[in-house]
Amino acid sequence: MPCVADWLNNPFSIVQGIFAQNVPNSDWEKKVTEYFKEKLKENNATNWVPSLNDVPVHYLKPNSLVKFRCMVQDMFDPEFYMGVYETVDPNTNARVLHFGKYRDVAECGPQQEIDLNSSQTVTSERQTFYCVPVPGESAWVKEAYISASQARVSPSTSYTPSRHKRSYEEDEDMDLHPSKQKEQHLGSGGDTHGCVEPKRLETEASAGHHLISPNCSPPLDLNFPLPGEKGPACLVKVYESWDSFKVNDVLEVYGILSVDPVLSIINNEERDSSALNPMESMDTAEEQRVHSPPASLVPRIHVILAQKLQHINPLLPACLNEEESKTFVSNFMSELSPVRAELLGFLTHALLGDSLAAEYLILHLISTVYARRDVLPLGKFTVNLSGCPRNNIFTEHIYRIIQQLVPASYRLQMTIENMNHSRFIPHKDYTANRLVSGVLQLASNTSLVVDETQLEQGQLDTKGVHNVTALGNLITWQKVDYDFNYHQMEFPCNINVLITSEGRSLLPIAKSTYNHS
């Protein structure tokens, strides 16, 4: 009977067992999903699975089970792969069936070749999502998830922080003898000693810096919506029900981690061949670079299970509609009155004794778009705190308080420079065939604090006017019009907008505006 280490550290062995027992029956894929779904229900087993949000990639064993809490930033075109393929031994003519699902590269044993003309070959389709950590996720949310984690990992011997590059000789040798790479991966998981708990591990990728990948020019942009964001970006490969997900959805995915260096070799060769003969590939070099980045910088996750998250608050049940959740909420309701009174007192003190402004702020924080009637969003509650001092200290203080109260937030300093130079609206780059992110590409229920106290006299250029217009549409209609060059596409959103200003805000606001004195 498989133990925990099997389905966590070597999920391919589980998949292989189910595949071998059920082939050629196509039900084997459904049975794999059911197996892992049942395993994750046992005794908080989800906490045993290492998270890419908490643990650097080089601390994770390749081909192990991982999870990732993320937002869908972009969706690439569907891709075809060999779901089932057959290998043949030229010497003995022995034939073996393999599964290609959950793999980036079709594998075969020594002295075996893939029979591309086999009648047993099954071509399947999968969808690739480009996913990033939830933009603006609060520090206390990250800390809570890290504290709840019971995953124990050890640095992978096949990918360590001190080894970022291989020599050309190693690359060539790996290309000629791919079995060596497989041996390295198998060797990396043999030692279970020296396990460390992934509390505050180092080397997170920062959006503030472009990452330079081998043989890539210009440097790789991880395309995070917000400046200064940290965490990994991942290519999430979805095999089932991908139509139920859309851009900006927040997901939690469980799948098999792929960081095979062979991917970088293959992709570099494809880019070189397309550069020499553009007719050999329909994709441009830029598109190949963006869609197939080095796996060490942008790892792949082959999804076994994926769920859309209603929220990312670790203090609440994941699904608020289940019976357990209803019990939790009903128990909490009895404590709600004193908690609200304490919060009101705290916010009153923070707002310099203004209890009415504190009431408005509480209502703003709990507001949400619960329905839409035609184009009108119902439930939004934008608040403008006017009369704020021009110095940075007060508005920064308010924002820090909000960060402690909500799971995700961002402070947008509305200066002439930011308006004219920042990218607010996501737009389609047809050369790279990707959606380039913008500041307003945020997950649902994110709190956006717009600081107008820094606004001074100046001239808005065309980009600045478009950015201010986009902010106004977000506040009024709870939508952002993404720029697809030849047309604009409406993306509904649910963003709580709080405006701090010295006088009345220049942006369109709800009639609930309160002039703070």
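Against which helix do the buried residues of H4 pack? In the predicted model described here, local features require pLDDT of at least 70 and side-chain atom pairs count only at pLDDT 80 or more, whereas totals for chains, interfaces and linings use all residues. Residues are numbered from 1 along each chain as its sequence is written, and side-chain values use heavy atoms, with hydrogens and water left out.

The buried residues of H4 pack against helix H11 (392-405), contact being defined as heavy atoms within 4.5 Å. Within helix H4 (residues 139-148), Trp140, Val141 and Ile146 are buried, a term that denotes under 20% relative accessible area, with exposed meaning over 50% and partly exposed in between (1.4 Å probe, protein chains only). Helices (H or I, at least four residues) and strands (E, at least two) are DSSP runs, numbered from the N terminus.

A helix crossing is found between H2 (residues 11-22) and H3 (residues 28-41), whose axes come within 9 Å and cross at roughly 140°; the axes are lines fitted to C-alpha atoms over the stretch in contact, and angles run from 0 to 180 degrees between N-to-C directions. H2 is therefore oblique to H3, since angles under 35 degrees count as roughly parallel, over 145 as roughly antiparallel, 65 to 115 as roughly perpendicular and the rest as oblique. From H2, the contact involves Pro11, Ile14, Val15, Ile18, Phe19 and Asn22, and from H3 it involves Trp28, Lys31, Val32, Tyr35 and Phe36. By class, nine nonpolar residues, one polar and one charged make up this contact, where Ala, Val, Leu, Ile, Met, Phe, Trp, Tyr, Cys and Pro count as nonpolar, Asp, Glu, Lys and Arg as charged, and the others, Gly among them, as polar.

Across the whole structure, 13 aromatic pairs are found, rings of Phe, Tyr and Trp (its six-membered ring) being paired if their centres lie within 6.5 Å, with planes under 30 degrees apart counted as stacked, over 60 as edge-to-face and the rest as tilted. Tyr81 and Tyr239 form an edge-to-face pair, at 5.5 Å centre to centre and 85° between the planes. This pair links distant parts of the chain, 158 residues apart, with Tyr81 in strand E2 (residues 79-88) and Tyr239 in the loop between strand E6 (234-238) and strand E7 (250-258). Tyr239 counts as buried because its relative accessibility is 9%. The rings of Tyr102 and Tyr239 have centres 5.2 Å apart and planes at 65°, so this pair is also edge-to-face. Ring pairs additionally link Phe12, Phe19, Trp28 and Phe99 into a cluster.
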